[in-house]
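Hi everyone, thanks for coming. Have a look at it first.

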Amino acid sequence: MTVTLRALLGASVAFTLAGAALAETTITVATVNNGDMVRMQGLMDDFYAKHPDIKVEWVTLEENVLRQNVTTDIATGGGQYDVITIGTYEVPIWGKQGWLESLNDLPAEYDVDDLLPAIRGGLTVDGNLYASPFYGESSMVMYRKDLMEAAGMTMPDAPTWADIEAAAKAMTNRDAGINGICLRGKAGWGENMAFLTAMSNSFGARWFDENWMPQFDQPEWKATLDFYLNLMNNYGPAGASNNGFNENLTLFNQGKCGMWIDATVAASFVTNPKESTVADKVGFALAPDNGLGKRSNWLWAWSLAVPASSDAKDAAKTFINWATNKDYLALVASKEGWANVPPGTRTSLYSNEEYAKVPFAKMTIDSINSADPNNPTVKPVPYVGVQFVAIPEFQGIGTSVGEILSAALAGQKTADQALSEAQALVTEEMKAAGYIK
């Protein structure tokens, strides 16, 4: 063989290998560091077996950081991510702005009609599904049945806030390191303000009146914040202003919370003996009300979407179909059991006889179905959204108010000072945005 022929053959092989490498598409997935998302990363062998031509790189971030990074990237068309994890707040706004790809062309096996109507509706704009729900949630009470029994008390299936306060007081045992209640205190529109906004609905409060005037100077917000601070100061953990979903999950699983009011998705973790020291002692109840006709439960879906700036849209949609269809639920069930399947997205899951045996399944779907984003408050409002206000400005003002109220929890200011600051700040921002004069 001549040198020239060897060179040509070598170049041919190199070109072939380069072509094979180019055929592999790499997508970057930005997601939140919640348990269900972390579990998905451990099941990627199934995806790669089905799609060997797609490589997935992960960017897994704390909730507040994820929101900031993804928002900056998509608003600037940065194209850093091919799949983003976003929620019910962002999808309608970003979909209308043309920042997201429609998912209407997902394959028939995806079965879009199987999505729960409440969840699907929140992710659809003008007939286009702009994100696929990975899990859906409301919020509910998770409590220690053993501690309630020891206190001679029974948790109602539909408790009031007075019931919650009485239970928190009865279960608090500082000597044993048990806090009667754990609630979100970490600042963020999707952290403490998700909880406090939903809570305020049950106290008759609202962010804005019908003319977009902020309402933090009204007695309903004063009642909400006073009650919250009283609960947390008397029966909550030290350093609660630093605690969000993951921190409280850890505390509850370590046996340090008598009660926790938070996302229904937490139920699978607090009842998992691999993760929770109190797995066999947990009961569930609806989020509390105040007798005004509104419970303090929210409606949310962590969902996967494709930014319009992605240059690997087909591969991104292939991944989303894998991660959010019925086969994925069956995969998780086969590996981890039905209790650990991502909840709250598909009608078929709640008609599954095996899933119906899961102790929190009914409470979860009842909580999701009872949330009403279109009528979230006692008094009329010009916005939709239970634990958020569905306007673009909310991400900024929600986080700013969250910082103010978190500082009140930390003892850096009084409730009155915090509400006065919130009122002034939101009023200024709404004037700047042109909602009010």
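Let me start with what I mean by a cavity: on a 1 Å grid over the protein atoms alone, it is a set of points where a 1.4 Å probe fits but cannot get out, while a pocket is an open set with protein on both sides within 12 Å along at least five of seven lines, and lining residues have an atom within 4 Å of a point. Please keep in mind that this is a predicted model, where local features need pLDDT of at least 70, side-chain atom pairs count only at pLDDT 80 or more, and totals for chains, interfaces and linings use all residues. Residues are numbered from 1 along each chain as its sequence is written, and side-chain values use heavy atoms, with hydrogens and water left out.

So, which residues lie nearest the centre of the largest cavity? They are Glu63, Glu137, Arg184, Gly190 and Trp300, out of 17 lining residues. Helix H4 (63-76), E6 and E10 each give two or more residues to that lining; helices (H or I, at least four residues) and strands (E, at least two) are DSSP runs, numbered from the N terminus. The volume is about 140 Å³, meaning the space filled by probe spheres set on the points, with grid points joined across faces, edges and corners.

Who are its neighbours? Strands pair if DSSP finds at least two bridges between them. E10 pairs in the antiparallel sense with strand E6 (residues 132-137) over five bridges, with Ser132 bridged to Leu304. Strand E3 (residues 83-86) also pairs with E10 in the antiparallel sense, over three bridges, and there Ile86 has Ser303 as its partner.

Finally, the largest pocket holds about 380 Å³ of space. Its lining has 20 residues, with Thr88, Pro92, Gly122, Pro373 and Val384 nearest the centre. Helix H5 (90-96), helix H6 (117-122) and strand E4 (124-125) each supply at least two of the lining residues. Thanks, and I'm happy to chat!
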